Amino acid sequence: MSWLVLLGALLCTLRVGLGTLDSEDFLPTAPRNCPYKCVCAADLLSCAGLGLQDVPAALPFSAADLDLSHNALQRLRPGWLTPLSQLRALRLGHNELEALGRGVFTNASGLRLLDLSSNALRALGRHDLAGLEALEMLLLFNNRLAHLDQHAFQGLGALRWLYLGCNELTSFSFDHLHGLGVTHLRTLDLSSNRLGRIWVPDLASLPAFLKNGLYLHNNPLPCDCHLYHLLQRWHQRGLSAVSDFAREYMCLAFKVPTSRVRFFEHSRVFENCSAALARGLERPEEQLQVQVGRSLRLQCNTSAPAAHVAWVSPQHELLVAPGSRNGSIAVLADGSLVIRNVQPWHEGVFVCLATGPRLRHSQTHEYNVSVHFTHPEPEAFNTGYTTLLGCAVGLVLVLLYLFAPPCPGCRRCYQRTCRCCRCCRWPRAPSPLQELSAQSSMLSTTPPDVPSRKASVHKHVVFLEPGRRSLNGRVQLAVAEDFDLYNPVSLRFKAGSESSSSTGSEGLVMT
């Protein structure tokens, strides 16, 4: 019996051992060349927050996204990115880098994102960023940058977003943007620096799409009338870089740090600024209206012939010859832009960018295109037809009134021979009293419509001269109470002493 127990224990031990062996065989192994304590997943390499003072020596060549942020890196070796030919994003934020140097980014021609924020960089040299031709986003905020070489950004032709906020810059060249072209640039953050001198004409000559992404708030700007009118106009136009941070735009009223005032809230500081100073600061954009389906051609008007011309569409697409990606917009050899079939999505601001040896700097020209649908024009109101129609209707009504009988079956109602026609409403023949009253009213000088002298058939009616008691030979009419209106035989006349021919001045009196 005991041997059975021993056999069962041996089998259980053997099974557990086999299970342990199988589980160890399927444990994931670390990727090849993955640095110690770093995380490697596919083409991602993260060595963040490890307290590194130097870059690991061996890096996997397949890394496309390298994160070395939140460490203690103080310097970068030249050529350290040579094995990383597939690198697209490099994050070096929150370190202790004080300088870069020549050759630091060699073999990083495919890099799209470079994060150097929250370091201790004090200056950018001419060759510090060399080799980054495809770079699109550069983060340099929260450093100690106080100086930028005039050509610090030269060669970064594809750069779209540049963040230089929270530094110690006292000036910035808006003339050529320190070697950076404006063809692709959309965001330029210069907020929270020490900018005290700004050349306003160069600032005003920037293209519209860059003005919308130019952040200058929280700087000790001068309380200059030209700068005030320029920023005020940008604010009224609704440029987001100004309108979103309107309360943070400051200026020094007396060149003293304690004399900061808000640009858009203390208008008394600028009440002596003449509005004429704002004229000519910015070249006004041309307003164009075009109907859907029509063709449109835009010329890039510059002060001198340009060697290179490019356009920026309302969708921020760079347009060069032959045209847009969808083929709806063409750029000709002379630099003009042509839209053969205008559609609603073509509405917006088109910006022409011109460069050349005869131009002092890049020049821009803006067109604000409004697209609307065709509406059928209403027919003009023709008064001639309406007048003719009115005359015809009036003539027909007059003819109906003159010649048409009141009733179709009663044509001689006016002779009172058709008494059975009910539709005829001709008045009765006047009674003798009414005829007499009509004759007397013609002889009277008093108007017959005076209410106090209207006669009734139940009243005594006489013809007397107002204000006299004697008859003077005039005819007097006396009517009895029981006088029959339709039997005028009982009518009695009394003659006075005077002739009846003088009754022309008598009046009607009711008694």
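How many salt bridges does the structure hold? The structure holds 4 salt bridges (a side-chain nitrogen of Lys or Arg within 4 Å of a carboxyl oxygen of Asp or Glu). The model is predicted: local features need pLDDT of at least 70, side-chain atom pairs count only at pLDDT 80 or more, and totals for chains, interfaces and linings use all residues. Residues are numbered from 1 along each chain as its sequence is written, and side-chain values use heavy atoms, with hydrogens and water left out.

**View 1. The salt bridge between Arg77 and Asp54.** The closest N and O atoms of Arg77 and Asp54 are 3.6 Å apart. Arg77 sits in the loop between β3 and β4, and Asp54 in the loop between β2 and β3, so the pair ties together parts that are 23 residues apart in sequence. Helices (H or I, at least four residues) and strands (E, at least two) are DSSP runs, numbered from the N terminus. Arg77 is partly exposed, at 31% relative accessibility. Asp54 is partly exposed too, with a relative accessible area of 37%. Here buried means under 20% relative accessible area, exposed over 50%, and partly exposed in between (1.4 Å probe, protein chains only).

**View 2. The salt bridge between Arg91 and Asp65.** The closest N and O atoms of this pair are 3.2 Å apart. Arg91 belongs to strand β4 and Asp65 to strand β3, so the bridge ties together parts that are 26 residues apart in sequence. Arg91 is partly exposed, with a relative accessible area of 29%. Asp65 is buried, at 18%.

**View 3. The salt bridge between Asp334 and Arg297.** The closest N and O atoms of Asp334 and Arg297 are 3.1 Å apart. Asp334 lies in the loop between β19 and β20 (337–339), Arg297 in strand β16 (residues 296–298). The two are 37 residues apart, and the pair links distant parts of the chain. Arg297 is partly exposed at 46% relative accessibility.

**View 4. An open sheet of 9 strands.** The strand order is β1-β2-β3-β4-β5-β7-β9-β10-β11, with mixed pairing. Two strands pair if DSSP finds at least two bridges between them. β1 and β11 (214–215) are the edge strands, each pairing on one side only. β2 and β3 (residues 65–67) run in the parallel sense and pair over 3 bridges. Asp65 in β3 is the bridge partner of Leu44.

**View 5. The largest nonpolar core.** A nonpolar core is a set of buried Ala, Val, Leu, Ile, Met, Phe, Trp, Tyr and Cys residues joined through side-chain atoms within 4.5 Å. This core has 77 residues, and Phe105, Phe153 and Phe174 touch the most other members. α2 (200–204), α3 (208–211), α4 (225–237) and β21 (348–355) each supply at least two of its residues. The largest share, 5 residues, comes from α4. Apart from this core lies another, of 17 residues, among them Val331, Phe350, Cys352 and Tyr367. In soluble globular proteins, nonpolar side chains tend to be buried together.

**View 6. The surroundings of Phe153.**

**View 7. A cis peptide bond between Ala321 and Pro322.** Omega is about 10°. Pro322 lies in the loop between β18 (318–319) and β19 (329–331).

**View 8. Positive phi at Ala42 and His94.** Phi of Ala42 is near 55°, although Ala42 is not a glycine. Ala42 sits in the loop between β1 (39–41) and β2 (44–46). Ala42 is exposed, with a relative accessible area of 77%. His94, also a residue other than glycine, has a phi of about 60°. The loop between β4 (89–91) and β5 (113–115) holds His94. His94 is partly exposed, at 40% relative accessibility.

**View 9. A nonpolar patch on the surface.** Leu395, Val398, Leu399, Tyr401, Leu402 and Phe403 form the patch, with about 710 Å² of accessible area together. Accessible areas come from the Shrake-Rupley method with a 1.4 Å probe; for residues, only the protein chains shown count as cover. Patches are made of residues with over 30% relative accessible area and no salt bridge: like charges are joined within 9 Å, nonpolar side chains (Val, Leu, Ile, Met, Phe, Trp, Tyr) within 5 Å. Tyr401 lies in helix α6 (residues 383–403). Tyr401 is exposed, at 70% relative accessibility.

Terms used: Contact = heavy atoms within 4.5 Å. Lists of a residue's contacts leave out its neighbours within four places in sequence.
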